[in-house]
Structures are given as C-alpha cells and as structure tokens.
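Hi,

Here is the structure I promised to pass along.

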Amino acid sequence: MVVAAAIAFSGKAVIIKLAYRHGVDAVTLLALRMTFSAPLFLVLAWWATRGRAVQPLAREDRWGVALLGFVGYYLASYFDFLGLQYITAALERLLLFIHPTFVLLISALLFKRRITQRDVLAVGLSYLGIGLVFGHDVATQPGNVVLGSFWVLLSALFYAAYLIGSGRLVGRVGSLRFASYAGLVSCAAVVTHYFVTRDPSLILAQPAPVYALSFLMAAVSTVLPIVLTSEGIRRIGASHASIIASIGPVATIFLGAWFLAEPITALQLGGAALVMAGVLAISLQKKPAG
C-alpha cells in the first residue's frame with residue numbers, strides 16, 4: 001500500500017507536465033483537479049466515519065482545519081503547479097521531498113527544538129543533493145529553472161508549516177477525516193481563486209486530454225495515496241512507511257523519463273540518493289524525551 005501510494009503521488013508531477021503540453025494554465029488545471037477531487041473527498045469523509053458515532057468538530061478545530069486546508073492543500077498545491085511550468089518532474093519531487101528539513105528548521109526557530117550534529121549532517125546531505133540536481137538542470141534544461149525551483153521550495157515550506165500545525169488536529173479528528181475536510185477546504189479556495197482570476201467559460205473549453213488527465217490526477221495522485229498511506233501506516237507503522245515512501249523521488253525520475261523523455265543521469269541519481277539519505281536521517285530519528 002505504501003509503495004503504491006508513493007508511486008501514485010509521485011505521478012502527479014508527470015500528469016501536470018503532460019497536461020501543460022495541451023496549453024492549459026496552472027490555475028485552470030488546479031481548478032479542474034480540485035473539482036474532480038471534491039466528490040472523492042466527500043466519499044473519503046464518509047468512509048472515514050462509517051459505522052461510528054462522530055462528534056462534531058469543536059470551533060477551534062473547525063478553524064484549524066480551514067486554515068491548514070488553505071495552507072497545506074491550496075497554497076502548497078498552487079505554488080507546486082506554478083513551479084512545474086519551469087522545471088522537470090524529477091527536480092520538483094526532490095525539492096518537495098526536503099520538507100522534513102523545513103519542519104526541523106521551523107521547529108528550531110519557533111519551538112526551540114534542539115538541533116543535533118546528526119540534524120546538521122542530514123540537512124547538509126539533503127541540500128548538497130539538491131544542489132547537484134539543481135546545478136545539473138540549470139545547465140541542461142531550457143526555461144527558468146531558478147524561478148520554478150523557487151515556487152516549488154515555497155510549496156515545500158508551506159507544506160512543512162501544514163505538517164507542523166496538523167499534528168494535534170489529526171489526533172483529535174482522525175487522519176482520513178482531517179485529510180478529507182482539509183481537501184474540501186482547498187477545493188473551495190481553488191475554485192474561488194479560479195472564478196476571481198479567470199474567465200469562467202475557460203474551464204469548459206479545454207481539450208479532452210486535459211479533463212482526462214485532471215480526473216486521473218484527482219483519483220490516482222490525490223485521494224488514492226491518502227487512503228493507501230493511512231492504511232499502510234496502520235499496518236506497519238509510520239517509521240517503516242517513511243522508509244518505503246522514500247521510493248517516491250526515484251519513481252518520479254523514472255516516470256519522467258518514461259512519459260516525458262526527461263534524461264536520467266548519474267548526477268541526478270547521486271543527488272537523489274543524498275537527498276533521500278538526509279531526509280530519512282531526520283525523519284526516522286527518535287524524538288527527544290519530553
């Protein structure tokens with residue numbers, strides 16, 4: 001389940017790049033993704049609460065879900081879609097994959113979390129790997145790789161903030177219920193953004209492949225990974241799931257080569273290995289007592 005979830009989620013960048021080939025812009029594509037996702041999130045919310053008496057969310061929890069859905073599912077997704085207009089799917093996945101380093105640094109700044117020598121080494125390995133792949137793409141890829149990387153790094157930063165804020169809420173609300181509610185908040189925010197900034201008729205004038213790819217992204221790379229990851233963690237635990245899910249960036253490299261003809265080089269693979277080593281060193285270490 002966790003392997004399938006990692007590969008399915010990694011395919012999102014490839015699907016977005018394929019859709020861009022048909023001339024759709026980032027806001028319209030994101031609106032289509034979330035329009036198709038909304039009924040799936042409703043089904044997920046029902047599935048998460050089936051057969052159980054569910055307490056209504058407390059007022060502070062409702063505000064928390066709304067804020068985190070806006071930050072983690074809307075803003076992070078929007079910046080990711082913007083970045084993918086300029087960079088390869090492989091670089092995008094690696095940049096997003098370093099979000100645990102942002103969680104570490106934000107926690108140190110805001111909550112005085114102690115940074116150990118292991119943390120410093122892990123962050124250094126991750127950023128060295130990113131530097132290698134980034135430098136490779138700047139030298140070999142057309143387009144504004146710097147701007148695209150900026151947007152995706154901003155996406156990773158907002159996703160890190162979402163993870164920090166969601167810790168307590170997930171415990172009270174439940175992981176699937178929280179994800180479905182936050183996803184529905186995002187759907188509302190994205191559709192509002194679309195109608196404010198775009199001609200409403202534009203969403204109905206896209207080529208057929210854009211609709212097919214948007215639905216595929218909603219079903220296979222948005223909602224399905226949430227369900228599979230949650231069920232996988234329930235069976236094997238978060239630590240084992242984290243190890244297995246690290247297959248994601250490598251999967252994106254090979255999916256990008258297969259569907260987008262993105263080149264695979266030894267430098268890319270080496271950089272990806274450094275990033276994954278650093279991120280796993282942070283993600284899998286034991287939390288300090290107290």
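How many helices and how many strands does the protein have? Twelve helices and zero strands, in what is a predicted model. Going along the sequence, the pattern therefore reads α-α-α-α-α-α-α-α-α-α-α-α, and because the radius of gyration is 19 Å, close to the 19 Å that the globule rule gives for 290 residues, the protein is as compact as a globular protein of that length. The C-alpha trace spans about 55 × 50 × 30 Å along its principal axes.

If you take contacts between residues at least 6 apart in sequence, 88% of them join residues at least 24 apart.

Next, the surface and the charges. The accessible surface comes to about 13700 Å², and carbon and sulfur atoms account for 70% of that. There are 21 positive side chains and 10 negative ones, with the centres of the two sets 11 Å apart.

I also looked at one helix in detail. H12 covers residues 266–283, which is 18 residues. From its first C-alpha to its last, H12 reaches 25 Å, close to the 26 Å expected at 1.5 Å a residue. Which residues of H12 are buried? They are Gln268, Gly271, Ala272, Val275, Met276, Gly278, Val279, Leu280 and Ile282. When you read that list, keep in mind that an α-helix has 3.6 residues a turn, so residues three or four places apart point the same way.

Enjoy browsing it!

Best wishes

Conventions:
Residues are numbered from 1 along each chain as its sequence is written. This is a predicted model: local features need pLDDT of at least 70, side-chain atom pairs count only at pLDDT 80 or more; totals for chains, interfaces and linings use all residues. Side-chain values use heavy atoms; hydrogens and water are left out. Helices (H or I, at least four residues) and strands (E, at least two) are DSSP runs, numbered from the N terminus. The radius of gyration is taken over C-alpha atoms; the globule rule is 2.2 Å times the number of residues to the power 0.38. Contact means heavy atoms within 4.5 Å. Accessible areas come from the Shrake-Rupley method with a 1.4 Å probe; for residues, only the protein chains shown count as cover. Lys and Arg count as positive and Asp and Glu as negative; His and the chain ends are not counted. The place of a charge is taken as NZ of Lys, CZ of Arg, CG of Asp or CD of Glu. The expected span of a helix is 1.5 Å times one less than its number of residues. Buried means under 20% relative accessible area, exposed over 50%, partly exposed in between (1.4 Å probe, protein chains only).
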